[in-house]
Amino acid sequence: MFLKNYQIKVVGELKRFFQTAQETRDAIETAKNSLPENLRHSLNWVQSAFGNLHKPYSDSCVNGFGNYYPRVCIKVPTGGGKTLLAVEAIREYKNLFHQKRTGLVVWIVPSETIYSQTVRKLRDKSNYLRQLLDQCSGGNTLIFEKGQRLTTQDIEENLVVLFVMIQSISRKNAKEALKVFQDSGGYESFFPPDSRYDLHKQIMEQVPNLDVISDASSAFPQIRTSMGNAIRMSKPFFIIDEIHKVFSDQAKNTIDNLNPEMVLGLSATPKEGMNILVSVTGLELKDEDMIKLDMHIFPPSGSDWKAMIREIKSHRERLEKKAKNLKQDKGIYIRPMALIQVEATGNDQRGKGRVHSLDAKDHLIELGINPDEVAIKTSAQNDIEDVDLFSGDCSVRYIITKEALREGWDCSFAYILGIIPNVGSNTGVTQLVGRILRQPNAKKTGIAELDESYIFYVRGNTGEMLDRVSAGFKNEGLEDLVGKVRLSEDKGNKPKKVRIKKEFADKYANTFYLPVWVMVKNGKEKRRFNYALDIKSQVNFINLELSEEFLEKLISSLSDENRERKSIAVTLDDKSKFTHKTEITADDSESVVNPGYVTRRFAEIVENPFLARKLTDGYLQTVEDKVGKEKLQRHFSFIVSMLVDYLRDERKRQEEQIFLDYLNNSKLMLTVTDDEKLGYKIPEDDVITVSRQPNTYGNYLFDDVEVETMNTLEQKVGQILDDQERILWWFRNKASKNWYAIQGWKEYKIRPDFVAAKKKGKDEFELLYIIESKLYESPRHPAKTPQLRGSQKLGPISQPQEHLDGYHQGCHRSGIKAA
C-alpha cells in the first residue's frame with residue numbers, strides 16, 4: 001500500500017505533532033509535580049506544543065478530569081481518502097503519543113452509509129485498512145459497535161475501535177446528547193458490584209464526571225452502568241469524521257465530557273476556530289488522479305426533463321463503450337453510472353405536478369433501459385442497500401434520488417449528475433456535485449471521457465448553475481479547483497479560447513521565453529535540469545559517519561539536559577504570579593532503545609530501508625560507545641531527534657553543494673532559450689471560462705482573463721501591475737502542468753503567481769519579472785496589504801506600500817540562487 005504524496009505530507013505532520021505533543025506533555029507533567037495539587041491543572045501543555053510547532057492555537061479543550069487535551073483537525077477534500085488517513089492517525093498516535101498498542105479508539109462517523117462501509121472494511125481482515133491496524137496492534141484489533149458487549153479486558157489486551165454515529169454528540173441539548181451514552185447493556189466489567197459502595201466512591205473520586213445514580217456524598221454511592229461511563233474511564237482517542245458538524249458549544253461540551261485523551265477530526269470545510277494541523281488542497285488531489293476533472297456542465301436545451309434524461313442516456317452509453325474498450329485493452333472494469341435528482345418521492349407525492357422518482361424510472365424504462373439497471377434511493381426506498389456497486393455482477397447504471405445521496409455516499413463509478421429541480425432554488429445541488437467527483441481506482445484511465453465528470457440540468461440560468469457548482473466545490477474542500485469547471489454549451493458562461501494579444505505577439509515575441517535551469521555536459525550537450533536525476537540520485541549517505549563535532553554537541557546536550565532539564569519547578573511568588581526555575585532531580589523513568597523506530601525515522605530521509613538500518617546500527621553503537629548504554633537508554637528520544645536532524649542537515653548540505661558544484665563547474669546554467677526541448681515559452685493560447693465580471697486590465701498579455709477565478713489578493717496585485725506606467729505586459733501564472741515553474745536544489749518546485757515585463761523609453765523591453773505575492777503586515781501599514789516578491793524593483797510604484805523585494809528571496813523557498 002503506497003501513500004499518495006499529499007497523504008505522505010499529512011502523515012508527516014501527524015508524526016511531528018504526536019512526537020512534539022508527547023515530549024511537551026511529559027515535560028509539563030514533570031513540572032506539575034512541583035505545584036500544589038490545586039494548581040496542577042493550570043498548565044496548558046497543549047498550547048505549549050502548538051507553540052513549539054509554530055501553529056495557531058484557537059480551540060482550547062479541557063476534559064472531565066480537568067486536564068487540557070488537543071482537539072485538532074485535518075482539512076482534506078472529499079475523495080481524499082479520509083478513512084486511510086484516520087487509520088494512519090491511529091497508528092502514529094499509538095506509536096508516538098500513547099506508546100501502547102492497546103486501548104480504546106472512539107470513531108465517530110457522519111452517516112449510516114459511511115458507518116456501514118467503514119465497519120465492513122475494518123472487520124475484513126483481507127482489507128488493507130484492517131491490515132494496517134493489525135500491524136499497529138500486533139494482530140489484536142477488535143471492531144465494536146454501540147450495543148455490543150465490551151469489557152475492560154478487551155481494551156487492556158487489544159486495540160479496540162468503537163464506532164458511534166455523529167448524531168450521538170450533535171443533539172440539540174446536553175440532556176438528549178447524554179441519553180445516547182446511557183445505554184446500560186454490555187459494560188458491567190467496568191464497574192464494581194452494586195453492593196461495593198466503597199469501590200463506587202473510589203472510582204467517582206478518580207473520574208469526577210461520571211454519570212451516577214447517587215453521588216459520592218450519599219450513603220450508597222452508585223455509578224450508572226453505561227457506555228458513556230465506560231468511555232470516560234478509558235481515556236480514549238477520538239476520530240471524528242466531518243468534525244465541523246459537531247463544533248457547536250454544546251457538541252464540544254459533550255465531547256469534553258467523555259474524557260478524551262486526544263481528538264482528531266477530519267473535514268473538507270473546517271470551521272473558524274479549529275486547530276487545523278495540516279490542509280490538503282483540491283489541486284493536490286487532482287495531481288494525484290483522485291478526482292474526475294474537468295467537470296462539464298450542459299445547460300438545458302429547453303424545459304423538458306424527459307429530453308434531458310434521453311441526453312443523459314445517450315451520453316452514459318457513450319461512456320460505457322469507452323469503458324468496455326478499457327476493460328478489453330487493460331483489464332480495468334468501470335461501469336459508468338448516472339445520478340438523477342427528482343423533485344418528489346414517496347407514494348403520496350406522485351401526481352402533484354412535480355417530477356416523481358417513479359416518473360423518472362418509468363421514462364428510463366420507456367427508453368429501453370432494463371428495470372434492473374435503475375435504482376431508487378430515498379429515505380423510504382433504498383434499492384442499493386447492501387449492493388456492491390463496484391461488482392462486475394451489479395447491473396445498476398442509473399440511481400434516482402431527491403436528497404438521500406446529498407451526503408455520506410460515494411461511488412467512483414458515478415460520472416453524470418442530472419438535475420430536474422430548478423437550480424436557482426435547489427440547495428441540494430451543492431452536496432450532489434461531490435458525488436460524481438471521485439476517480440475510479442484513484443488512477444486516470446488515459447481516456448479523457450472517463451477521467452472527467454458531467455452535469456445536465458433542466459431549469460435555471462447558467463450563472464445560478466455555476467454558483468451551485470462553485471458552492472459544491474467549496475463544500476467538498478475543492479475551492480481551489482473552481483476553474484476546472486467547464487460549460488459544455490454555447491449558452492450563458494462558456495469556454496473561450498484566448499490568445500496572446502497580437503500587438504504583443506508581433507513586437508515582443510522574444511520576451512515570452514522564461515528562465516530555466518539547464519545541465520551542460522562536455523560544454524556542448526544540454527538538457528533540462530531534473531531534481532530527481534541531478535540532485536536526489538547524487539545524495540550519498542553510505543559512508544557518512546557521525547562527526548566528532550556532532551558527538552561533542554550531543555554529549556554536551558545530554559550533560560546540559562541532566563543539569564538543567566531534569567525537572568522544572570513552577571510555583572507562585574509572593575505576588576501570586578507564576579515563577580519557575582530548573583532543578584536537578586533524579587530521573588527514575590525507564591526507556592528502551594528501539595532500533596526499528598530509528599530505522600523508520602532514518603528511512604524518511606535516506607529513502608533506502610536497508611541503508612537506514614545499517615546507519616541505525618552504526619550510529620547507535622557509536623553513541624553508546626561515547627555516552628554509555630545507560631545514557632543512551634535514558635535519553636533515547638532526544639538522541640534520536642538529534643540523529644535525525646544530523647541526517648536531514650547532511651541531506652540539505654549535500655543537495656545544495658551538488659547544485660553549487662554544478663554551477664561552479666559550468667555544468668548548470670540559468671538560461672533563456674528558444675530551444676523547444678530545453679527552454680520554456682509562455683503558452684500562446686489558453687482556454688478560460690467566460691466571466692460575468694468584466695476584464696478591466698489593459699496591459700494583460702492575453703486578450704481576456706478569468707477575473708472571477710482570481711481571489712481578492714490576486715485582483716489587487718493585478719491592478720497594481722496594470723497601473724504601472726512602465727509595465728509592458730503581465731499575466732497571471734497558473735498552478736498546472738503546462739505553465740511556468742522553476743526548481744533549484746530543493747525537492748519542490750515553485751510556481752510564481754505573476755510574470756511581468758518592464759519597458760524602457762516609449763515601448764522597448766527592459767526587464768522580466770517573476771513575481772510571487774502574499775499578504776503581510778507592514779510596520780508602517782498595519783492593515784494587511786499585498787507584497788510582491790520578484791527580481792527587483794519595477795521603477796516607481798503608485799502605491800508606496802507595494803514593492804518588489806529580491807529575486808533570490810522569491811526563489812529561496814525552492815533553493816534557487818541567482819546565477
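Trainee: Quick one to start: is glutamate 607 buried, partly exposed or exposed?

Mentor: Glutamate 607 is partly exposed, at a relative accessible area of 43%. On that scale, buried is under 20% relative accessible area, exposed is over 50%, and partly exposed is in between, with a 1.4 Å probe and protein chains only. Keep in mind that this is a predicted model, where local features need pLDDT of at least 70, side-chain atom pairs count only at pLDDT 80 or more, and totals for chains, interfaces and linings use all residues. Residues are numbered from 1 along each chain as its sequence is written, and side-chain values use heavy atoms, without hydrogens and water.

Trainee: Thanks! Where is glutamate 607 found?

Mentor: In the loop between H19 and H20. Helices here are DSSP runs of H or I with at least four residues, strands are E runs of at least two, and both are numbered from the N terminus. Glutamate 607 also has a positive phi, near 60°, and is not a glycine.

Trainee: And what angle do H19 and H20 pack at?

Mentor: About 125°, with the axes 8 Å apart; H19 covers residues 595-606 and H20 covers 609-627. The axes are lines fitted to C-alpha atoms over the stretch in contact, and angles run from 0 to 180 degrees between N-to-C directions. H19 and H20 are therefore oblique to each other; under 35 degrees would be roughly parallel, over 145 roughly antiparallel, 65 to 115 roughly perpendicular, and the rest is oblique.

Trainee: Which residues make the contact?

Mentor: Among them are Phe602 and Val606 of H19, and Leu615 and Tyr619 of H20. Contact means heavy atoms within 4.5 Å. By class there are eleven nonpolar, three polar and one charged. Ala, Val, Leu, Ile, Met, Phe, Trp, Tyr, Cys and Pro count as nonpolar, Asp, Glu, Lys and Arg as charged, and the others, Gly among them, as polar.

Trainee: Now H20 and H22: how do the axes cross?

Mentor: At roughly 125°, coming within 12 Å. That makes H20 oblique to H22. Leu615, Tyr619, Leu620 and Val623 of H20 meet Ile639, Leu643, Tyr646 and Leu647 of H22. That contact has eight nonpolar, no polar and no charged residues.

Trainee: Changing topic, where does serine 666 lie?

Mentor: In the loop between helix H22 (636-664) and strand E25 (668-671). Serine 666 is exposed, with a relative accessible area of 52%, and its phi is positive, about 55°.

Trainee: Last one: how many helices and strands are in the protein chain?

Mentor: 24 helices and 31 strands. Of the 819 residues, 51% are buried.
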